[in-house]
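Here is the note you asked for on this structure, arranged as numbered points. Please read it with the coordinates open.

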Amino acid sequence: SREYRFQLHGLAAALTNPEVSAALLSMPQTHVRLSIYEWSGPLDQTVLLSWRAVTSEGDLAAIANKLRSTTRTPSEQSTGLGAAMLFGARLLAAQSDCWVRTLDISGDGKANTGTTPQNISDAAFAGMTINALVIGADALDHGDSRQAEISELSSYFNAYIIHGPNSFVEVALGFEDYERAMVRKLKRELEGMALSRN
């Protein structure tokens, strides 16, 4: 779908943004590892990129190329946010030697199926930070109501999705703004990692 391409291509472009790539590669002695998955309904989570260390611009270019060539896995079109969070937490739990474990959740709606985020115990995310990127709806033909929609959705993600110290919600005002929002989000996360390491 158009929205799916915006997200994958936007993430690919953000990871190879010069400022983001410089930040990702700024701590060679403690490199960043990435895993990327798509999600929709409570039984629909698919790993697109298994855990991979980022040690060079070549690594980032390879990840970006993989994302750009990926097509969406057939899945139920619902919003299983709770299941997506728990799936990501299990992926991170397998990386027990990481000193910072961050789960990034992007979404354009509230949970409407499966386990709801507010019913998940904080213990499921112990030792992790969950940040979010909220995507507002694209502009309507008869007017732009995105600001009101994004405010409500941001409040929901702030209340029920983000977790841990210094967690935050970034906002994309429509799918066409996804790349810019992802760049802002990654720079903020990587800056925080560098500060906590020093």
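1. Does R33 count as buried, partly exposed or exposed? With a relative accessibility of 28%, R33 counts as partly exposed, where buried means under 20% relative accessible area, exposed means over 50%, and partly exposed is in between (1.4 Å probe, protein chains only).

2. On the basis of the note: this is a predicted model, in which local features need pLDDT of at least 70 and side-chain atom pairs count only at pLDDT 80 or more, while totals for chains, interfaces and linings use all residues. Residues are numbered from 1 along each chain as its sequence is written, and side-chain values use heavy atoms, with hydrogens and water left out.

3. The whole structure contains nine salt bridges, a salt bridge being a side-chain nitrogen of Lys or Arg within 4 Å of a carboxyl oxygen of Asp or Glu. One of them joins the side chains of R33 and D97, at 3.0 Å from N to O. Because R33 lies in strand β1 (residues 32-39) and D97 in the loop between α4 (81-93) and β3 (102-107), this pair ties together parts that are 64 residues apart in sequence; helices (H or I, at least four residues) and strands (E, at least two) are DSSP runs, numbered from the N terminus. D97, at 56% relative accessibility, counts as exposed.

4. A salt bridge also links E170 and R184, whose closest N and O atoms are 3.2 Å apart. E170 belongs to strand β5 (residues 169-172) and R184 to helix α6 (residues 178-197), so the bridge ties together parts that are 14 residues apart in sequence. E170 counts as buried, at 13% relative accessibility, whereas R184 is partly exposed, at 37%. Both residues belong to a network of salt bridges that links E170, D177, R180 and R184.

5. Within helix α6, E189 and K185 lie four residues apart, about one turn of the helix, and their side chains meet in a salt bridge of 3.0 Å, N to O. E189 is buried, with a relative accessible area of 12%, and K185 is buried as well, with 1%.

6. Strand β1 is mostly covered, seven of its eight residues being buried. Seven bridges join β1 to the antiparallel strand β2 (residues 45-54), where two strands pair if DSSP finds at least two bridges between them. The two strands form a hairpin with five residues between them, and V32 stands opposite V54 in β2.

7. The largest nonpolar core has 28 residues, and L15, I63 and L67 have the most contacts inside it; such a core is a set of buried Ala, Val, Leu, Ile, Met, Phe, Trp, Tyr and Cys residues joined through side-chain atoms within 4.5 Å. Among the elements that give two or more residues to this core are β1, β2, α3 (57-68) and α6. Leaving aside residues up to four places away in sequence, I63 touches L15, L34, I36, L49, R52 and V54, contact meaning heavy atoms within 4.5 Å. A second, separate core of 25 residues includes Y37, L81, F87 and L92.

8. Three strands form an open sheet with parallel pairing, in the order β3-β4-β5. β3 and β5 stand at the edges, each with a single partner strand, so one side of each is left without a neighbour in the sheet. Six bridges join β3 to β4, and the partner of S106 in β4 is L133.
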